[in-house]
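Please open the model in your viewer and keep the sequence panel beside it. The stops below are meant to be selected one after another.

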Amino acid sequence: MRHVVMLLCLLALAACGGTPRPFEHDPSKISYGRQLRDKVEVAISPPRNMPPEMGERVAAALAIELQSYGIVAAVAPAEAPLQIEGVMSTRDAGMSIEVQVDWRIHGRPRTDEPATVKTRAPPEDYAQQAERLISRIAQQAAPRVATLIGKPPNFIPKAPGQVAAGITIPNESPPDPAAAPPPDGAVPTSTTTPTPVAAKPAEPQLKVFVAQVTGAPSDGNRQLTSGMRRALGSSKLVIVDQADSEAFSVAGTVSLTQIDERTGRLVVKWVVKDPAGKVIGDIEQSNPVPMAAAKGSWAGFGDIVASAASEGVLELLEKAINRRR
């Protein structure tokens with residue numbers, strides 16, 4: 001099955017103009033797959049004063065981490081009733097560096113108490129924007145931000161921090177650990193074992209591996225890969241860091257063909273495979289773009305391209321799962 005997404009847009013700006021968005025689309029033109037998404041409750045902006053790439057990664061990790069508390073979150077500029085902003089500051093802490101982020105709800109009075117998170121790490125982790133630092137900031141921020149928006153956690157995630165690492169996204173709180181009382185007439189002794197409470201079987205979680213995009217000019221490969229990971233992660237899929245026998249895979253390739261001196265045709269193709277490696281479908285995005293724009297930075301519109309394609313990916317995954325049942 002092959003889905004072709006023709007993302008229509010008008011590129012009236014010259015290559016030297018403002019930030020180009022060659023794949024910005026009219027949502028009314030692309031509707032399939034939207035029913036698979038839960039409504040986004042919270043949009044998270046990268047913290048101010050934080051290095052841009054690190055800020056984007058922290059916002060994405062926090063959005064995914066919040067899902068372990070039952071909150072549907074996405075990275076700004078996603079539409080959501082609540083917008084969360086952060087401001088970072090740092091200070092020396094002996095042999096470590098302390099990274100502080102004050103999280104607030106956009107529009108609330110500055111006098112309101114922020115959700116403050118302080119994370120200590122080796123200076124080299126901060127300098128290298130290490131993944132473990134990104135994960136720790138998100139792990140520590142998630143319960144505080146949940147409380148800030150009025151949804152204080154009433155349980156501990158089944159695997160704290162694993163969501164940010166792309167391992168699991170819990171969908172429900174763990175069962176009450178209180179043991180069942182002994183049957184009527186039974187005399188509790190030191191050898192009496194409480195009757196175990198039958199736990200509800202966990203709902204299977206869909207694993208997806210997003211392979212590194214290839215063929216894009218400039219930083220397009222990296223921006224598209226991270227954009228697709230964020231887009232699928234916000235749909236409560238389990239995004240894994242490497243292919244395995246239980247994971248579906250999504251792989252993107254990009255080609256740019258010059259039409260004339262100024263314009264080229266940019267084609268982005270996403271191929272979806274099942275855990276056995278069988279192709280279950282593909283999504284193709286094609287648009288004429290200014291050559292200068294395509295060869296510039298993809299920051300920002302890499303997420304737009306991936307977000308538009310992710311809806312087709314979700315539809316393919318849903319159909320594949322239904323066929324397996």
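The tour goes from the whole chain to its cores, then to a helix, a set of strands and some backbone details.

**The whole chain.** Begin with everything selected, bearing in mind that this is a predicted model. The chain holds 6 helices and 11 strands, and 44% of its 325 residues count as buried. Its exposed surface comes to about 17100 Å², of which carbon and sulfur atoms supply 53%. Among contacts with a separation of 6 or more, 65% are between residues 24 or more positions apart.

**The largest nonpolar core.** Next select I44, M54, L62, L66, I84 and W103, which have the most contacts inside the largest nonpolar core, a set of 33 residues. At least two residues of this core come from each of β2 (42-44), α1 (52-66), β4 (82-93), β5 (96-105), β6 (115-121) and α3 (131-148), and α3 gives the largest share, with 8 residues. Now centre the view on I84 and display its surroundings: leaving aside neighbours within four places in sequence, I84 is in contact with residues that include V42, I44, W103, I105, V145 and L148.

**The other core and V313.** Apart from that core lies another one, of 31 residues, among them V210, W270, V313 and L314. Select V313, which is placed in helix α6 (residues 301-324). Is V313 buried or exposed? V313 counts as buried because its relative accessibility is 0%. Not counting residues up to four places away in sequence, V313 touches M228, L232, V250, V272 and I283.

**Helix α4.** Move to residues 220-233, which form helix α4. At 1.5 Å a residue, these 14 residues should span 20 Å, and the end C-alpha atoms are 20 Å apart, so the two values agree. Of the 14 residues of α4, 11 are buried, and the helix is therefore largely enclosed by the rest of the structure; M228 and L232, both touched by V313, are among the buried ones.

Select residues 247-258 and 263-273, strands β9 and β10, which pair in the antiparallel sense over 10 bridges. The hairpin that joins β9 to β10 runs through 4 residues, and V254 can be found opposite V268 in β10.

**Backbone details.** Most residues other than glycine have a negative phi, and most peptide bonds are trans. Against that background, select A76 and P77, which are joined by a cis peptide bond with omega of about 20 degrees; P77 is found in the loop between β3 (73-75) and β4. Then go to Q129, in the loop between α2 (123-127) and α3, where phi is positive, about 50 degrees, although the residue is not a glycine. Q129 is buried, with a relative accessible area of 18%. The last stop is S218, in the loop between β7 (207-210) and α4, another residue other than glycine with a positive phi, near 55 degrees. S218 is exposed, its relative accessible area being 51%.

Notes: Residues are numbered from 1 along each chain as its sequence is written. This is a predicted model: local features need pLDDT of at least 70, side-chain atom pairs count only at pLDDT 80 or more; totals for chains, interfaces and linings use all residues. Side-chain values use heavy atoms; hydrogens and water are left out. Buried means under 20% relative accessible area, exposed over 50%, partly exposed in between (1.4 Å probe, protein chains only). Contact means heavy atoms within 4.5 Å. Two strands pair if DSSP finds at least two bridges between them. A nonpolar core is a set of buried Ala, Val, Leu, Ile, Met, Phe, Trp, Tyr and Cys residues joined through side-chain atoms within 4.5 Å. The expected span of a helix is 1.5 Å times one less than its number of residues. Accessible areas come from the Shrake-Rupley method with a 1.4 Å probe; for residues, only the protein chains shown count as cover.
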